[in-house]
Every structure is written in C-alpha cells, then in structure tokens.
Amino acid sequence: MKYTCLICFILVQFCAFGQNRFIKGQVRINNKPLGSANVLLISGDSTIDFSITDSTGKFIIRNYSDTIHTYILQITHISCEKKIIELNQNSLSGQTELIIAMQPGTVPLPEVIIESAGRGYSQKGDTTSFAVKKYTDGSERVLEDILSRIPGIKIAENGKISFKGQEISRVMIEGTDLYKTNYRIATKNVTGRVVDSIEAIENHNPNPLLKNITKGNETILNIKLKDDHEGKWSGIANMAAGKGYDNSLNAMLFRKNRQFVGLYSGNTTGELYTDLIETPANSILSASNTFSVPITAVQAPDIPQASAAKLKNSSHIASIAIGGKNTTQNSFSGHVSFIHNTTGQVKGSVERYIAYPDSIFLRSKQTFSEDVDILSAAFEILNKRSTRKNIVNLLNASFSRAERVNAMTFGSTGMTEKSNEPEMNLAHQLQITTRYSEKDAFIFTLQSQYDDARQVYNNFPGVYYHTTDPASLTSQITHESSSFGSYLSAQYHSRKGKSRFMVEISNEYVASTFRLQPAYKQVSQQLATSNTSRFSMQDEFSFGKLSFTARVAMNVQFSNFYPEKQKIFPSSRVVLKWSPSTANVFLLFGGTQQSMGEVNLFIQKPLLTDYRTIREGILEPEYFTNASGGFLYAYNDFLRGIDITASLIWTGNESGIVRRYTFSGINSRAFPAYGPYTYFTSTNFSVSKYLPSLSLFAKMDASYHINSTYSGIDPVTLSRYRFFSSRIMPEIRSSFLIPFNFTLKAIWEQQKVLVDQNNSSLLRSVEWKTRIRYAFIKYLQLFFDASLYKLWNPQKSFQESQSSFFNAELKYNNPDSKWQIRIQMQNITNQRLIPNYSFSDILMSTEETSVLGSRIMAGVTYLF
Amino acid sequence: MKPLLLLSLLIASGEAWTQTLEITYLQRVSFTGKKTNYDTGDLKISGNYSLYSLRLAPKEKTKAENADFLIDLSGGMQFQSLLNMVTDERQTRDYVFTKPYLIKEKDIRLAWIITTEKKKIGGYLATRATTEFRGRKYECWFTADIPLNTGPWKLSGLPGLILEANDVENEIGFQLIKIRTHPADSRLEINAAGILKTITWDEFRTLYNQKLISLKKLLYAKSGGADYETIANIIPNTIEKTLFQ
C-alpha cells in the first residue's frame with residue numbers, strides 16, 4: 001500500500017509536469033495577420049522565451065514556469081508601435097490564447113557609424129596580425145607613423161620599437177629582411193600608405209631547427225603590403241622650408257623576385273640619423289667575468305661649466321636596399337647607407353658608412369627546416385671629423401649551413417678604433433645544432449674573444465690613495481689591458497607534450513693582463529684569471545596562454561683576482577606568465593645564495609706607490625655569505641594602454657674576517673675582525689597609461705641600503721696590542737643610502753578636423769594637430785654616513801632634467817589627392833640641470849642648456 | 001515564365017514596411033595558418049526581405065581588373081544571401097569552387113539560447129545569444145531595439161537585429177560598422193539570379209564533395225608520388241563545416 005501511494009504520487013507529479021503549457025496567439029494589424037513580429041516573454045531583465053510570428057501572424061511560447069508570478073509579453077515589429085502585455089498567474093491558465101492587435105507606427109532608428117568597428121587584429125599562436133586600415137586615418141606618412149597607432153607597439157624617442165614591452169629585433173617587409181638590425185632606417189623613412197597589415201611575431205627562434213622544441217626570445221615585425229602596390233613604384237616626396245628645412249624622398253618597388261627601396265632624408269629639425277644604426281654586439285662574454293682596473297677611487301669630480309655653446313644642427317641620410325631571387329633557389333638582401341650628421345656637434349661632423357649584405361642559397365626543403373646556406377656580412381666605418389683621428393672599422397661576417405637535421409653557424413665580429421685611445425676587439429662563434437627527432441635537439445656552442453684597449457686619464461684633481469707623491473695629483477695615467485676569453489656550452493632541448501625541458505653545461509674562462517703607467521714611469525702590471533662553470537636545468541609547462549617556468553642552476557667560480565674568489569652558489573628562478581591576446585601578466589620569483597670560506601694569503605704590492613717600496617702581507621681566513629631574492633610583477637594590457645611593473649629585491653651580505661694576520665717588514669700582528677654586513681632592498685614601481693589624446697607615464701624607483709660595518713679589533717684586544725702601531729684602528733661605521741628617482745612624462749595630442757566635406761567614407765579635411773610633450777626627471781639621493789671618526793656626514797645630491805616640445809601642424813589632407821599641404825610650428829627646449837653639492841660646503845654644479853629653438857616651416861608632401 | 005516569377009520574388013516590394021535599412025558589417029575570416037581576411041558585408045532590409053552581400057576587399061577586385069584578358073564569369077565571386085523573414089525561406093548565391101549556384105533552403109530556424117549578458121554596440125543595447133549552426137558554435141549580440149529577425153551571413157532568427165557575431169574558435173567574425181536608414185540603392189537583388197542553376201542545400205553539398213574529390217585526384221596525379229592519404233585528408237577551410245560528407 002505504501003509503495004502504491006508512492007507510485008501514484010510520482011505519477012501525479014509527472015502528469016503535472018507533462019501538462020502542455022503554452023502561450024499562443026495571433027498578432028494582427030488592421031485585422032490582418034502580421035508576420036515577422038517578435039513576441040518575447042520577459043521576467044525582470046531576462047528573456048524567458050521568444051517566438052517570431054509566421055505568415056499567418058501566429059506564434060507559440062512554451063518554456064515558462066508557474067513559479068514566476070508575473071511575466072511581460074513584449075510584441076515588436078519594425079512597422080508597429082511596441083506593445084507590452086502583463087501576464088500574471090490569473091491570466092496564465094496553462095494554455096493561454098491571445099489575439100494581439102498592433103498599432104501602426106515607426107521604430108526610431110538612429111544612424112550609427114562605429115569608427116573602431118572590427119577588432120582590427122587577430123591572433124594565431126605567436127603571431128598577432130593587425131589590419132592597418134582599422135587604426136589609421138590616411139594622414140600617416142611614414143611607416144613609423146602607422147606603427148605608432150598600432151596598440152601594443154611603442155616607439156621610443158630613439159626610434160626603437162617594442163611590442164608588448166619587448167624590444168623587437170628586426171622589421172621585415174613581405175618576409176624580406178632588408179635592413180637587419182638597422183630597421184629604424186626603414187621605419188622612419190619608408191612610405192606608410194602601401195602597408196596593408198602588420199604581423200608581430202613573438203617567441204621567434206632564429207634557429208629553424210629548434211622550431212616546436214624551444215621558444216625563441218626574439219620579437220619581430222613583418223610588414224605586409226597592399227597587393228595593388230605590387231610591381232608599381234610607390235613612395236613619398238616631402239619638401240618643407242622656412243626657418244630650416246625638412247626634405248625627404250623615398251621610392252620603393254616590390255615584386256615577387258625583386259625588391260628595391262631607395263631613400264634620402266635631410267633635416268634641421270634636430271632629428272638624428274646617426275642613431276639609426278644598431279652596431280652588432282662585439283662582446284660575447286658575460287659582464288661578471290670581465291675585469292676593470294681598480295682606479296674608481298680616483299673618480300674625477302664634475303667640473304663646473306658655463307652654458308653650452310651653440311650647437312650645429314643638420315642631419316642627412318641616403319640609403320639603398322635591395323632584395324631578390326636570382327634563381328628559384330638563391331636569394332639576396334641587404335642595404336648600403338651613408339649618414340652625415342652635425343646635429344649636436346660644436347664643430348666638425350660625424351659620418352657613418354654601412355653595408356649589410358646577405359646571400360641565401362636554398363638547396364631543398366627538409367624534414368625540420370630548409371636545406372640552406374646563408375652568407376651574412378656587416379661593414380661599418382664611423383668617421384668623427386670633429387676630432388679627425390677617430391676612425392672605427394667594424395666588420396661582422398657569418399656563414400650558416402642547415403642540412404637535413406644538422407645546422408652550423410660560424411660568425412666573426414671585429415672592431416678596431418684608431419685614435420689616441422686605440423681599441424681592438426675580435427670575437428668568433430661556432431654553433432652546431434643537431435635535431436635528433438621531432439622532439440629532441442642538441443646545441444653545441446664555442447665562443448672566443450680577444451680584446452685590447454688603451455685608455456688615458458689626464459689631470460686628476462683628486463687624490464689616489466697609496467700615493468704620497470704630490471706630483472701624481474696632476475699626473476697622467478695610461479691604462480692598457482688585453483684579455484682573452486672562451487665560452488663553451490652544450491645544451492639539450494626536449495619537448496614532450498606541454499613540457500619543454502632544457503639542460504645545459506657551460507664553462508667560461510677569461511684571462512686578462514692590465515698595466516698602469518703613471519707619468520713618473522713606474523709600471524704596475526697584474527694578471528687576472530677567472531673560470532666559471534655552470535650546470536643548469538629548466539622546465540617550462542604551457543597550458544594554453546598560461547606558462548610556468550622553473551630554472552635551477554649551480555655555479556662554480558674560481559678567480560685569482562680580488563674580490564672574485566672561489567665561489568659555489570646555486571641560483572633559481574620561477575616564472576609564471578599569463579599571456580592572453582591583449583595582455584601580459586608576469587609573476588617572477590628568484591633567488592641566489594652564495595657562500596665562501598677560505599684562507600687567503602696576500603702578498604700585496606700596491607698598484608701605485610712612491611719610490612719607497614711598501615711590501616705588505618696579509619693572511620686572513622674569511623667567510624662570505626650572500627643571499628638575494630626577488631619578486632617581479634608586470635601587467636601589460638596593450639589594448640587599454642596599461643603598463644604596470646612592480647618589483648621587490650632583497651639582498652643580504654655578510655662577510656667576516658675571522659682573524660687577520662698582517663706583516664709588514666719585521667712586524668706581524670694578529671687581531672680579530674668582523675663585518676661588514678650589508679642589507680640592500682630595492683623596490684620599483686612604474687605605471688603608464690595611454691589615452692587617445694593624453695599619454696601619462698610616471699615611474700618611481702625607491703630603494704634603501706643599510707650598510708653596517710664593524711671591523712678592526714675590539715677594545716679589549718686593542719688594549720693588549722695598542723703599542724704595536726697606531727695604524728690599526730677599530731672602526732664602526734653605519735651608512736644609509738636612499739636613492740629616489742621620479743620620472744614624469746606627459747604627452748598631450750589633439751587632432752581636430754576643421755572641414756569635413758564627406759562624412760560617409762574617406763575624409764577630405766583640414767586638420768589642426770597639436771602635440772605638447774613635457775618630460776621631467778628627478779633623481780634624489782640621500783646618503784647618511786656615521787663612523788667613529790666622522791660622526792655624521794650626511795650628503796645629498798640630485799640631478800634633474802626637463803624638456804618640452806611643442807609642435808602644431810595645420811594640414812590639408814585629401815585621400816583622393818596625392819598631395820598633402822602642411823604648415824608646421826615647432827618649439828623644442830631641452831634642459832638638463834645637474835647641481836651637485838654636499839653639506840660639507842663643496843658645491844659643484846654643471847648646467848647644460850641646449851635650445852633647438854622655434855621655427856615655422858611650410859611644406860608639401862607628394863605620395864605616389 | 002519561371003525566370004520572371006523568380007525575378008519578381010527576388011526584387012522585393014516591401015509592402016509591410018516601406019522604410020529601407022542598410023547595415024554594414026566587417027566580416028573577418030581567419031582560418032588557422034592562413035592570412036586573416038577582412039571584407040565588408042552589406043545587409044539591406046526592405047519589406048519582409050533582407051539581403052546580405054559580401055563585398056570583397058578592393059585588393060581582390062584590383063587583381064581581376066589588372067588582368068587584361070580576364071573574363072569574369074563568376075560575377076565577382078560574390079556571396080549573397082536573401083532571406084524572407086516571414087516564411088524563413090533563404091536563397092543563397094554560393095560557389096562550388098568557382099561555379100555559382102542558387103541554393104534554396106526552407107525552415108532553417110536556428111535554436112537560440114538568449115543569455116542575460118548585455119552590452120552597448122553603437123548606442124544600441126545588445127543581448128548575448130548563442131547557437132550552433134553547421135558545425136560551428138556562434139555567440140551573437142542582438143538588439144531588440146531594431147525588431148528585425150535577421151543578421152549577417154546566414155545568421156538570423158533572433159527577436160532583433162544581430163549586431164555582432166563570432167564563432168567560439170574565433171575563426172569567423174562579423175562586426176557592425178554602420179547603420180544607414182536611407183541607402184541610395186534599396187533594391188534587393190541577387191546578381192544574375194535568373195541564369196543560375198537552382199539547387200537544394202543537400203545537392204550543393206553533394207556537388208561540392210564530388211568536385212573536391214576530383215580536385216584531390218588531380219592534385220595526386222600532379223604531385224608525382226605523394227602520399228594519397230595525406231591528400232585525401234585535406235579539408236578546405238569553409239565557414240560551414242558540415243559542408244563535407
């Protein structure tokens with residue numbers, strides 16, 4: 001009986017739910033059925049269900065619940081007034097039938113034009129493609145003008161381009177690398193109207209054999225041209241004159257097998273062309289293993305100067321770039337450029353002659369890469385006429401060969417500078433990559449470097465310790481150094497599923513000899529050697545746009561040169577990166593810990609002495625511990641123009657000399673010594689926000705150093721040994737250093753269309769464009785030092801610079817015409833102010849003012 | 001007589017609603033590994049009819065114009081789709097590779113799920129709705145302020161005009177550029193509809209797949225010993241994934 005009741009109860013429930021609940025009816029107008037009317041059943045903000053009337057005006061709505069007490073039935077049609085019917089539990093009987101009469105009427109339809117319709121970009125893997133027409137208005141002249149409007153791309157004042165915060169390494173045009181690292185020649189001069197789209201390729205790996213195994217660290221841009229410009233000459237001719245001149249001519253022709261770009265630019269607007277050349281790096285060894293002679297103790301103070309002299313102001317560049325295929329297999333690309341510059345010079349000029357040719361010999365396509373030979377070179381001559389003697393020759397040549405699963409690259413870089421401070425640098429690199437399978441690759445790298453340099457330091461107004469000869473105060477010191485270094489590394493890369501694994505063994509060896517030659521002929525020579533071995537492992541997991549990288553390394557370093565000694569220390573780093581299409585979010589943690597304990601015997605001969613020879617020996621067992629850790633958070637949302645970086649780095653040092661024995665001549669002493677202990681914490685926070693008309697960039701770096709030292713002997717020990725020598729002094733010292741940097745940059749840009757003759761599509765307009773830029777940078781450093789002898793020695797120093805830039809352009813822009821007319825007013829002021837003083841009444845100040853001035857120019861631009 | 005009837009049907013008179021409307025969309029197609037194509041699509045609405053015409057980007061036209069001896073038999077490879085919003089009948093000018101056909105379809109109402117998410121597009125309040133159509137999942141934003149049951153391409157059947165649409169794989173996208181209430185040309189006409197062969201969707205699929213197989217065979221014959229399995233597995237990129245049998 002109990003079960004029968006239960007079954008009956010369930011059946012009743014099913015019957016209740018199984019009832020055919022609906023609202024149906026007919027929509028009519030003027031007693032005729034109205035088709036294509038929308039009937040919506042709404043509760044609150046939610047549309048519960050809807051129906052569209054058929055040709056007989058009938059509709060039916062089924063999906064509604066009796067738990068909701070009130071519904072709204074909304075009926076709309078494009079030619080009727082909207083009708084709303086309230087339905088409640090009483091009017092909803094389960095099978096509701098309605099006849100709805102509509103009144104004729106019109107629906108207000110405002111016309112809409114969405115300027116930014118379309119995202120304008122798409123992302124596929126590591127490639128983000130931007131449709132240029134979505135971001136430009138036709139008034140852009142050169143490629144840089146277009147790039148500056150693409151979200152995520154930022155152009156620094158020196159023309160260097162970065163995408164999503166990472167500096168790009170090259171800009172290719174239709175996949176052809178005409179300008180190599182000197183891409184700024186192209187971006188500042190090549191006409192922009194031929195550009196169809198821009199591809200930004202992240203994680204690009206220059207080694208094709210590592211594709212799909214490792215992520216490269218290069219970001220490159222590829223400029224895609226409009227198809228209708230293929231095989232036609234296009235370019236830009238610009239002439240502007242008034243107080244000064246700004247002229248340019250660019251012509252380019254792109255065909256499938258031949259590419260040509262020729263350009264000339266000359267100006268007196270202060271824009272430099274010498275900086276467009278990115279000299280290839282000629283140092284391959286890590287900075288930690290290169291030595292410098294310890295003459296920092298004789299830092300010359302700034303000498304007060306009068307206001308800067310009037311500077312010259314003209315800059316010219318001429319460049320030809322050619323690319324093409326002479327057969328279906330072989331291709332070539334490169335450019336030859338000449339730059340003449342006097343801008344910023346008091347006298348004379350600077351010339352640069354550069355050539356970057358490349359030849360590619362493609363033999364066939366293989367499993368993982370192309371079977372190809374590439375011959376690359378770079379030549380550069382820098383001639384500074386201001387001093388006539390300074391000539392720099394730079395040569396870079398490389399040959400690479402990829403065959404089936406093996407690739408080899410051999411490159412040499414050489415540089416010589418002939419002047420009164422000559423310099424020579426030679427570096428070679430051999431890299432062999434072997435790809436075992438689709439998932440594994442091995443890379444062997446061998447590098448060697450030879451450096452030779454001479455530097456001359458004149459007229460020291462300071463005091464060099466260890467020197468008692470007053471003559472040295474105004475003497476000349478010549479510093480000569482030559483060094484040899486080698487670097488050997490073996491890497492194994494593997495990819496399995498979402499994991500990329502790398503293990504590396506490397507060794508770096510540097511030997512340096514340097515000589516100091518003071519004016520009074522005494523020569524001091526030292527030999528320093530260093531060897532660093534490293535074993536590191538890295539694994540990266542990628543889950544879509546989220547990646548997690550962990551790296552651990554063990555470093556072993558041996559050196560005979562103070563302060564580098566034997567060190568064995570681990571280091572680790574963990575990076576969490578989330579990289580959706582519009583943003584980059586980083587979380588980085590890292591740390592290192594170094595420790596050292598050893599017994600050292602120094603027979604120290606001071607580098608500079610007077611004619612008396614002082615020989616001093618020190619035997620000291622000492623220990624050294626260093627630990628550091630850091631946290632970095634970076635958020636970059638390039639579509640919204642938000643860039644935030646915050647970091648916190650902590651460093652602690654503790655070192656001590658357990659007991660020091662010194663002997664000089666016949667005396668020897670032993671005393672305990674402690675310290676110093678150094679703790680260093682730095683924080684960094686920067687935020688920038690870019691709005692359509694106003695860009696604000698504010699950056700603040702603040703850090704504090706606390707350095708406490710106790711060394712020498714303690715008072716009890718001192719009382720026992722006080723008779724030995726007055727030279728042994730206990731010292732207690734504490735210092736605090738608080739550097740504070742503040743940067744504010746604001747750019748206000750306004751563009752107003754004064755006459756708009758055709759609102760519907762392209763604009764024929766007269767534009768008024770103003771651009772005001774103001775930059776203010778201030779560095780403030782507070783230093784408090786307390787020691788046993790100088791009880792309180794607070795110092796502060798600051799330097800600041802500010803620059804303002806005003807530019808107003810009145811421009812007639814007609815996209816139907818190839819002519820642009822503009823009147824330009826400009827005022828540029830750069831001021832750098834460096835007062836530098838201490839509380840001990842030593843006041844020194846250096847002031848440099850460079851006013852580039854005001855000018856009015858009128859010009860025409862012809863686009864073809 | 002038959003062509004005349006067809007023409008009279010295609011040139012809609014707009015009895016119920018005399019006003020005309022032209023909505024322009026940006027159509028984005030970015031298949032994996034391919035260049036992203038941005039084209040413009042015009043949706044003209046008059047009476048009970050709406051006509052979506054794809055305007056290929058100018059570069060495509062320029063190529064054709066530049067060729068001295070090119071005789072354009074395809075009508076500019078123009079995709080067009082005419083919808084009767086009352087009867088839900090759709091006629092589409094589409095291509096089996098380069099040959100145009102007129103495809104007639106009936107009762108193609110999509111099953112929409114309307115969500116509570118809302119956003120403003122061009123001043124209109126739009127509501128998010130999702131559906132699945134021929135192998136792709138779409139999310140669309142429609143506005144009930146314009147009570148027309150149509151939208152770009154073949155997306156329709158919501159209680160308001162579709163202003164924006166994207167497939168979840170982000171390969172296909174339609175975005176509103178402008179709405180004009182008094183377009184210069186208000187005729188709704190499929191190009192050369194009278195001379196096109198009229199077929200059903202199933203016939204179109206069959207023809208497409210037959211042509212695809214013959215093209216693969218041609219490719220295999222020309223490849224000089226390529227793996228046939230590799231060629232046989234090639235599936236062209238199309239908006240309608242269920243086109244392939």
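**Briefing: sheets and interface**

In chain A, the strands β4, β3, β6 and β7 form, in the order β4-β3-β6-β7, an open sheet of four strands with antiparallel pairing. Strands here are DSSP runs (E, at least two residues), numbered from the N terminus, and two of them pair if DSSP finds at least two bridges between them. The model is predicted: local features need pLDDT of at least 70, side-chain atom pairs count only at pLDDT 80 or more, and totals for chains, interfaces and linings use all residues. Residues are numbered from 1 along each chain as its sequence is written, chains are lettered from A and ligands numbered from 1 in the order in which they are written, and side-chain values use heavy atoms, with hydrogens and water left out.

**The four-stranded sheet of chain A**

- The edges of this sheet are β4 and β7 (83–88) of chain A, each of which pairs on one side only.
- On average, neighbouring strands of the sheet are turned by 20 degrees against each other, direction ignored; the axes are lines fitted to C-alpha atoms.
- Strand β6 (residues 70–76) of chain A is joined to β7(A) by six bridges, and the two run antiparallel.
- Opposite Ile72(A) stands Glu86(A), in β7(A).

**The three-stranded sheet of chain A**

- A further open sheet has three strands in the order β12-β13-β14 of chain A, with antiparallel pairing.
- Its edge strands are β12 (153–155) and β14 (166–167) of chain A, each pairing on one side only.
- Three bridges connect β12(A) with the antiparallel strand β13 (residues 161–163) of chain A.
- Ile153(A) has Phe163(A) of β13(A) opposite.

**The interface of chain A and chain B**

- In contact (heavy atoms within 4.5 Å) are 38 residues of chain A and 42 residues of chain B.
- The two chains bury about 3,600 Å² between them, 58% of which comes from carbon and sulfur atoms; buried area is the accessible area (1.4 Å probe) that two parts lose on being put together, summed over both.
- Zero salt bridges are found across this interface, a salt bridge being a side-chain nitrogen of Lys or Arg within 4 Å of a carboxyl oxygen of Asp or Glu.
- On the side of chain A that touches chain B, at least two residues each come from β3 (38–43), β4 (46–52), β9 (112–113), β10 (121–124) and β11 (127–131) of chain A.
- The most is given by β4(A), with four residues.

Technical notes: Axes are lines fitted to C-alpha atoms, for helices over the stretch in contact, and angles run from 0 to 180 degrees between N-to-C directions.
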